[in-house]
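The sequence and structure come first, and the notes follow by topic.

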Amino acid sequence: MRAISHGDVSAATRAVMSLPAEVRPAAVRAMLERAHAADRFRKRCGRAHPVWGNGSLMAAALPMCRRLGEPRLSDAGYLEAMSTVIDTILAWRQRAR
């Protein structure tokens, strides 16, 4: 998978914000798996995956985003969802090692 940027985390957070807290980790893991598969496809075929994009987490998350603009960091719901996204990324990376 491509390196994860702040924009990737923001897109993934916006994608899961509207989901119940208990299903957010599974949704983030699914986005990570799609991004990873898309990156392998991109490396093998020399082009973006037709559905999952270029291998970035943002490309995997954007189709799920209901909110286009990034909320303010004073939004507690946004911060809670972002915490889940970051924790899930860290766990996914640890598992991949």
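Contact here means heavy atoms within 4.5 Å. Helices (H or I, at least four residues) and strands (E, at least two) are DSSP runs, numbered from the N terminus. The model is predicted: local features need pLDDT of at least 70, side-chain atom pairs count only at pLDDT 80 or more, and totals for chains, interfaces and linings use all residues. Residues are numbered from 1 along each chain as its sequence is written, and side-chain values use heavy atoms, with hydrogens and water left out.

**Packing of α1 and α4**

- On the α1 side, V9, S10, A12, T13, R14 and V16 meet Y78, A81, M82, V85, I86 and I89 of α4.
- Two packed helices are described by the angle between their axes and the distance between the axes.
- For α1 and α4 the angle is about 120° and the axes are 9 Å apart; axes are lines fitted to C-alpha atoms, for helices over the stretch in contact, and angles run from 0 to 180 degrees between N-to-C directions.
- This crossing of α1 and α4 is right-handed; a crossing is called right-handed if the near helix is turned clockwise from the far one by less than a right angle, and left-handed if anticlockwise.

**Burial of α1**

- Nine of the 11 residues of α1 are buried, and the helix is mostly covered; buried means under 20% relative accessible area, exposed over 50%, and partly exposed in between (1.4 Å probe, protein chains only).
- The buried residues are D8, V9, S10, A11, A12, T13, R14, A15 and V16.
- Their cover includes α2, α3 and α4.

- Helix α2 (residues 24-45) has 22 residues, which should span 32 Å at 1.5 Å a residue, and its end C-alpha atoms are 31 Å apart, in agreement; the expected span of a helix is 1.5 Å times one less than its number of residues.
- Buried positions in α2 are R24, A27, V28, M31, L32, A35, A37, A38, D39 and F41.
- The buried residues of α2 are covered by elements including α1 (6-16), α3 (57-61) and α4 (76-96).
- A38 belongs to helix α2 and is buried, with a relative accessible area of 0%.
- Not counting residues up to four places away in sequence, A38 touches H49, W52, G53 and G55.
- A38 and D75 are 37 residues apart along the chain, and their C-alpha atoms are separated by 32 Å.
- G46 is placed in the loop between α2 and α3 and is exposed, at 67% relative accessible area.

**Nonpolar core**

- The largest nonpolar core has 21 residues, and those with the most contacts inside it are V16, M31, L32 and V85; a nonpolar core is a set of buried Ala, Val, Leu, Ile, Met, Phe, Trp, Tyr and Cys residues joined through side-chain atoms within 4.5 Å.
- At least two residues of this core come from each of α1, α2, α3 and α4.
- The most is given by α4, with six residues.
- V85 is in contact with V9, A12, T13, V16 and V28, leaving aside its neighbours within four places in sequence.
- In soluble globular proteins, nonpolar side chains tend to be buried together.

- A76 is in helix α4 and is partly exposed, with a relative accessible area of 46%.
- A76 and R40 are 36 residues apart in sequence and 35 Å apart in space, C-alpha to C-alpha.
- T88 also lies in helix α4 and counts as buried, at 7% relative accessibility.
- Residues up to four places away in sequence aside, T88 touches P25, V28, R29 and L32.
- The C-alpha atoms of T88 and L32 are separated by 9.3 Å, and the two residues are 56 residues apart along the chain.

**Cysteines**

- A search of the whole structure finds zero disulfides, a disulfide being a pair of cysteine sulfur atoms within 2.5 Å.
- C45 is partly exposed at 39% relative accessibility, whereas C65 is buried at 14%.
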